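Student: Hi, could you walk me through a structure today? I'd like to go through it in plain words.

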Amino acid sequence: MNALDELKAKYLGGIAQAGDEAALEELRLAALGKKGEISLKMRELGQMSAEERQTTGAALNVLKSEIDAALRAKKAALADAALDARLAAEWLDVTLPGRPRPAGTIHPVSQVMDEVTAIFADMGFDVAEGPQIESDWYNFDALNIPPEHPARQEFDTFFMARDPADPRPPHVLRTHTSPVQIRAMEAKGAPIRVIAPGRVYRMDMDQTHAPMFHQVEGMAIGRDISMANLKWTLEEFCKAFFEVPNVELRFRASHFPFTEPSAEVDIRCSWEGGQLKIGEGDSWLEILGSGMMQPKVLAAGGIDPNEWQGFAFGMGIDRIAMLKYGIPDLRAFFESDLRWLKHYGFAPLDLPTVFGGLSK
Amino acid sequence: MRFTLSWLKDHLETSATVDEIAEALTDLGLEVEEVVNPAAKLAPFTIAKVLKAEKHPDADKLRVCQVLTDEGEKTIVCGAPNARAGITVVLAKPGDYVPGLDVTLGIGKIRGVESAGMMCSERELELSDEHNGIIELPEDSLNSEVGCKFTDWLAENRPAAVDPMFHIKITPNRPDALGVRGVARDLAARGLGVLKPLVVETVPGGFACPVAVEIDAGLKEKGCPVFAGRLIRGVKNGPSPAWLQARLIAIGLRPISTLVDVTNFFTYDLNRPLHVFDAAKVQGKVRIVPAQGGEELLALDGKTYTLAPGQMVIVDDKGPESLAGIMGGELSGCDETTVDVFLESAYWDPITIAATGRALKITSDARYRFERGVDPEFTLPGLELATQMVLDLCGGEASEVVVDGAVPDTSRAYRLDPARVISLVGMEIPEAEQRRTLEALGFTFAGDMAAPPSWRPDVQGEADLVEEVARVASLSKLVGKPMPRETTGVPGPILTPAQVREKTARRTIAALGYNECVTYSFIDGAAAAMFGGGSEAMRIENPISSEMTHMRPDLLPGLLAAAARNQARGFADLALFEVGPAFIGGEPGDQVTQATGLLVGARAARDPWGSRRPVDVYDAKADVEAVLAAIGAPARVQINRKLDAWWHPGRSGNIALGPNVLATFGEVHPRVLREMGVKGAAVAFTIRLANIPFPKAKTPTRPALALHDLHAVERDFAFVVDASVEAMTAVNAALGADKALIEAVSVFDAFTGPKAEEQMGAGKKSIALAVRLQPKDKTLTDAEIEAVSAKIVDKVAKATGGSLRK
């Protein structure tokens, strides 16, 4: 073994043995530093013959790069080991909770209003609004319910206090969304298609009644809109809203002062196992009242009943929300019990759309 | 409205089943609420015969009977005194449900003797109150053989006991259907049978009526157009015959006496309410007059009513005798001693009856019918028919009829436009069918003009003809017809900007962690007053509870009450919100939409990271700013402290554009919290959605993005100012120092409190600003930076009265 081989063995062995970066640095200096053994040997090259210089020089360069590579490799290995050791020490309990991110909810009434709006928007209906403190005229007279009509008594109306010096009949809290029909006709004329969702009020309180609840009114006026169009519109709505492929509606003759002919609308359903299924079964569930607009109502809205005709319907939003989402008690809608709000509420970004579906 | 199948068949020739009739009624708009079929509960019982009856060995009053049944001979223990050999009885077997006892029979041992069922009394089968013994069936009656079904026996021998009863809901427009005949007419028009003719024969009077009648002239105009009556003398008024009692009992009425039962029968049979006076108790002329006011009348319901001036009343020389068209008086009522009866048939104006009935709070069958409208033309025919029935059932002799007034003329006619009917209904109903329907309902035609019958006061126009045709044709046959959108192609947005904004606000607030509530629009008066409301104009005249007396002037009280309720249930940390109407007055339109959020308790639950801390005003501020940004409110706003009284005066602010307050945030006033029963910290925000201006030019195009290659320079400044100086003053002053160069100013420290005062002097604090300078065309030199810095220090010092902190 010549001197270079010995050097090689010595340093590669040393590098292999080195336990930390300091030892490695020491070896580097000893071999490749300015006064290192290899560097000194390099200097000796000048005193050699040209021939000798060539062979020894080349050998020295090979040796130098071998040691250098070994040093680098060992250094990387040491760093890896150190990192492994650090990582081993850096264990955290990842089952601990994340930092709190508050999560809010949307009330079922709002969600269902958005669902209803999405469906009717797709069918070309605008959204109209009207005041909740309403005049006697808009709430009753304009809807063909004159003062002594027995139907007035059936509404369980809330009246606003009236200054005795004021001769007008007292205002009422609107008992239905139907006055918005009149306001929308006045504002836009015919043809028109609108829905009007909102709060309504009646003096009634039990498990299925609250003194305040929500309705959505629908109205479509055109040259030849018929009750058959009404049925189709409601069928399409119910299919979309209840998210079932088929529905069957039954129109039952009834009476509302503001429509003529009038119909209560039932939907075929089953209550098997206490669970409501729309579109199948042998039961019928009343879901809304509807009809062709009374000519007097059209006239009250400023529309000529000899030229125009249309349909109107009114539906309980809370009621269809209860049916769709299995919510048992109407009064709980307005009690703001946190447990209820969280259980029946909807995620803020679950905006119902026709393209993405109404519910998850 | 209730009636039985057999009663219906008095007027309708039909072979339709109960189910077919019920379905047709509902479909016609006479909604069936209930069909009670008494045969259903009696279905299990069979007929048996007692062969032998011996005294029970251990009980004197019990008998051990050998009974022949459809299943052979059985031993049955019976306690009835009439249980004896040879009688035909009604048997209930183990497993049968006995309705009158509300038990399902088992095999029992009675005093040691096993009994295989029971023999029933009438009461046990709910046939009557009879309970003195078990039912004994006449031996030779039809269907009384052992093993026959008891219901078959009843159908043959006591049909009323198994007569199905219909209970239907009558809409206010159909007074005619408040009589069985009206219901029958609808069914006949539908094709479920043939309406039997109603024959009215005049009963000739044998003598002049000794009771004179007179209607007050004013009331003849409006109130009581016609009043007719006659005396029937020498009647015998006892219990009415069994068939009549059965009719009334079946529909839930109590038989009283023949005369009274006759009036009730006409009320339900022909929608013709009548009244009977005991003529012996009437003095002088019968007059229909407006009350003077203050008169008292003991009515047939046993209550005394005090009349208000103008209320229509029937009087004689003694005083008020009857609440006209609503309820008779007790003092002139008929009883078993009545010998001479004055029978009244009048037509009362619906509006007058409704007003009086409502004012006196009396509900009666008569009021119910008169206020919906009975057939005026039938006033006299009804009297004739009732006279005949009284004569048939009570004997006696009828006087001539006395009448004052005249039957009002209600004749009118409307054009039937068959094409319009088809266009409105959307169903091909042939013209002939349309006419046939209307004629079946009693309309008469002259050309294309259809005159409604006198019993249909609801028919007031062409549209009513359409409704009649449609409902008889059956709306359940309607087939949906597509209604395409009025425009083709991609529809534009349908929500108004304000509607979009409301929805955005709602979902943004929920995304910030709040739970949406929907609370009542009415609150109690004290809470309303606390929030700037509670005025008389916003009071509800007839609230449903003392907690719902006033329209809410603000959404916060409802949320605070909700928070208090949740705290009472053990939920201390709450984030609630509502988007909805608040009311600023009592007129239509005095309504604004608010978006209100409420944070109560701590921001988060306890966790290892110490996230739990009480909510504070800066939580509310962060949330309100996030919502305002989401709905496109201007970024540059002012904050003022012209606060409503329910906010903490020092820890709340209005976000405003000049005098226009967009929103308020801050701590809820502690006094309000105490009054509303909310514990702990509570901060809130209210956004007045309508106050937020919409951007002037609506274009989706954004301004070009201006990026600068040169590095921005950030410099920090700390100022010592009076503790009352607001940070915004310093920030705005700094921003104004060099509008071109200064890109942003932010507060990165606020050092206040005793420690700060210790360092900087009493009443002082320190505010530290980070100012970002953005050079646009060349790098800033140190000198330039120095110059801007000096300007900033100068401006802030001037605006705040403070100085740079050394």
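Tutor: Happy to. One term to begin with: a salt bridge here is a side-chain nitrogen of Lys or Arg within 4 Å of a carboxyl oxygen of Asp or Glu.

Student: Good, so how many salt bridges are there over all chains?

Tutor: The search of the whole structure finds 78. Please keep in mind that this is a predicted model, where local features need pLDDT of at least 70, side-chain atom pairs count only at pLDDT 80 or more, totals for chains, interfaces and linings use all residues, and side-chain values use heavy atoms, with hydrogens and water left out. As for naming, residues are numbered from 1 along each chain as its sequence is written, while chains are lettered from A and ligands numbered from 1 in the order in which they are written.

Student: Which residue forms a salt bridge with B:D335?

Tutor: That's B:K281, and the closest N and O atoms of the pair are 3.6 Å apart. B:D335 sits in the loop between β23 (327-328) and β24 (341-347) of chain B, and B:K281 in the loop between β17 (275-278) and β18 (286-290), so the pair ties together parts that are 54 residues apart in sequence. The helices (H or I, at least four residues) and strands (E, at least two) are DSSP runs, numbered from the N terminus.

Student: Which residues are linked in a network of salt bridges?

Tutor: In chain B, the linked residues are B:R174, B:D176, B:D186, B:R456, B:D458, B:E468 and B:R471.

Student: Let's switch to the interface. How many residues of chain A are in contact with chain B?

Tutor: 106 residues of chain A are in contact with 92 residues of chain B, where contact means heavy atoms within 4.5 Å. The area buried between the two chains is about 7,900 Å², and carbon and sulfur atoms give 57% of that. Buried area is the accessible area (1.4 Å probe) that two parts lose on being put together, summed over both.

Student: What about charged pairs there?

Tutor: The rule finds seven salt bridges across the interface of chain A and chain B. In one salt bridge B:E578 pairs with A:R199, the closest N and O atoms being 2.7 Å apart.

Student: Where does A:E260 lie?

Tutor: A:E260 is in strand β7 (residues 259-270) of chain A. UniProt, in an unreviewed entry, places the feature "binding site" at A:E260; UniProt positions are given in the numbering used here, feature names are shortened, and annotations may be inferred rather than shown by experiment. A:E260 counts as buried because its relative accessibility is 6%.

Student: What does A:E260 touch?

Tutor: Not counting residues up to four places away in sequence, A:E260 touches A:M292, A:Q294, B:A463, B:D464 and B:E467. B:T26 is found in helix α2 (residues 18-28) of chain B and is buried, at 14% relative accessible area.

Student: Last topic: how is chain A divided into domains?

Tutor: The assignment gives domain 1 (3-90) and domain 2 (108-344), with bounds that come from an automatic or database domain assignment. Taken over C-alpha atoms, the centres of domain 1 and domain 2 of chain A are 90 Å apart.

How values were computed
Buried means under 20% relative accessible area, exposed over 50%, partly exposed in between (1.4 Å probe, protein chains only).
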